[in-house]
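I opened the model to look up a few things and kept notes as I went. The entries follow in the order of the looking.

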Amino acid sequence: MTIRGNLQSIRRQLPERIKLVAVSKTKSIDQIKEAYQTGQRMFGENRVQELLKKWQELPKDIEWHYIGHLQINKVKQVVSVVSLIHGVDSFRLLSAINKEAEKCHRIIPVLLEFHIAAEESKFGLTIESAEEILSMPETAAMKNVSINGVMGMATYTIDNEVIRTEFEHLSEIFHLLKKKYFPNAGHFCEISMGMSDDYPVAVLAGSTIVRVGSKIFGAR
Ligand SMILES: *Cc1c(COP(=O)(O)O)cnc(C)c1O
């Protein structure tokens, strides 16, 4: 299958309301251009240098999503080019994004990353640590970040029941936080979950953004 064919078949499967981020990490400029030519405008990267290089070389109507673990010392470099930072998992990171975004007069949309998988290695907040961040007056005072929802990754397994349970858990977290901290905030509306192998399960569990790489561009 071609990149075009892969994208078309994924888009056909996705309900209209769902955003598709084409995860282009490690993929070439030409491969991204091929996706761009089919109308794809959201791309996801997880390395700062690679993102900056691609941003420079590719059309400026692309929305770049930062999907990886973002180090505090690299925040400054990404805030001027990203449309959404998916993986915010600490107050320090949120605060650093706010500070750098203020310097370039931007409001950066971010998602809070939750640890929902059984694996220990993955980054992410617990519900307690997220509530701690959301309760802080310092967080409420941040004018240059917009907390738009949540993000998470399921356990790497072929057991769909495990994956389903984890994604449903993330959906519950989203609804709990929405009710408690964002009852009237229309912008808090995103649940970023689902990758190449599990996006159909994620969609059924309420995902609003799927991040798909290898199913579009081939194995890395
Ligand atoms: C690499 C990556 C993806 C895409 O993975 P595929 O299995 O290739 O679809 C999605 N989300 C994150 C956070 C990633 O790092």
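Entry 1, terms and source. I call a residue buried when its relative accessible area is under 20%, exposed when over 50%, and partly exposed in between (1.4 Å probe, protein chains only). Helices are DSSP runs of H or I with at least four residues, and strands are runs of E with at least two, numbered from the N terminus. The model is predicted, so I note that local features need pLDDT of at least 70 and side-chain atom pairs count only at pLDDT 80 or more, while totals for chains, interfaces and linings use all residues. Residues are numbered from 1 along each chain as its sequence is written, and side-chain values use heavy atoms, with hydrogens and water left out.

I looked up which residues of helix H6 (residues 127-135) are buried, and found Ala130, Glu131, Ile133 and Leu134. Seen down the axis of H6, these buried residues fall within an arc of 160 degrees, so they line one face of the helix. I take the arc from the directions from the helix axis to the C-beta atoms. On the other side of H6, I find Glu128 and Glu132 exposed.

I count a salt bridge when a side-chain nitrogen of Lys or Arg is within 4 Å of a carboxyl oxygen of Asp or Glu. By this rule I get nine salt bridges. I looked at Lys54 and Glu45, whose side chains form one of them at 2.9 Å, N to O. Both Lys54 and Glu45 are buried. Lys54 also meets Glu50 in a salt bridge, at 2.7 Å from N to O. Glu50 and Lys54 both lie in helix H3 (residues 48-57), four residues apart, about one turn of the helix. Glu50 is partly exposed, with a relative accessible area of 21%, whereas Lys54 is buried at 5%.

I then went to helix H8 (residues 160-181), where Glu161 and Arg164 lie three residues apart, about one turn of the helix. Their salt bridge has its closest N and O atoms 2.6 Å apart. Glu161 counts as partly exposed at 45% relative accessibility, and Arg164 is partly exposed at 33%. Back at the shared partners, salt bridges join Glu45, Glu50 and Lys54 into one network.

Which residues are around the ligand? With near meaning that a heavy atom of the residue lies within 4 Å, I list Val23, Lys25, Ile67, Met151, Met153, Met195, Ser196, Arg211, Val212, Gly213, Ser214 and Arg220. By class, this shell has six nonpolar, three polar and three charged residues. I count Ala, Val, Leu, Ile, Met, Phe, Trp, Tyr, Cys and Pro as nonpolar, Asp, Glu, Lys and Arg as charged, and the others, Gly among them, as polar.

A polar side-chain atom of Ser196 is 2.5 Å from an oxygen atom of the ligand. For Gly213, a polar backbone atom is 2.8 Å from a ligand oxygen. For Arg220, a polar side-chain atom lies 2.8 Å from an oxygen atom of the ligand. The protein covers 90% of the 390 Å² of accessible area that the ligand has on its own. I note that accessible areas come from the Shrake-Rupley method with a 1.4 Å probe.

I place Gln31 in helix H2 (residues 29-37). Gln31 counts as partly exposed at 24% relative accessibility. Gln31 and Ile216 are 185 residues apart in sequence and 9.9 Å apart in space, C-alpha to C-alpha.

Terms used: Polar contact = N/O pair within 3.5 Å; in protein donor to acceptor, adjacent residues only side chain to side chain.
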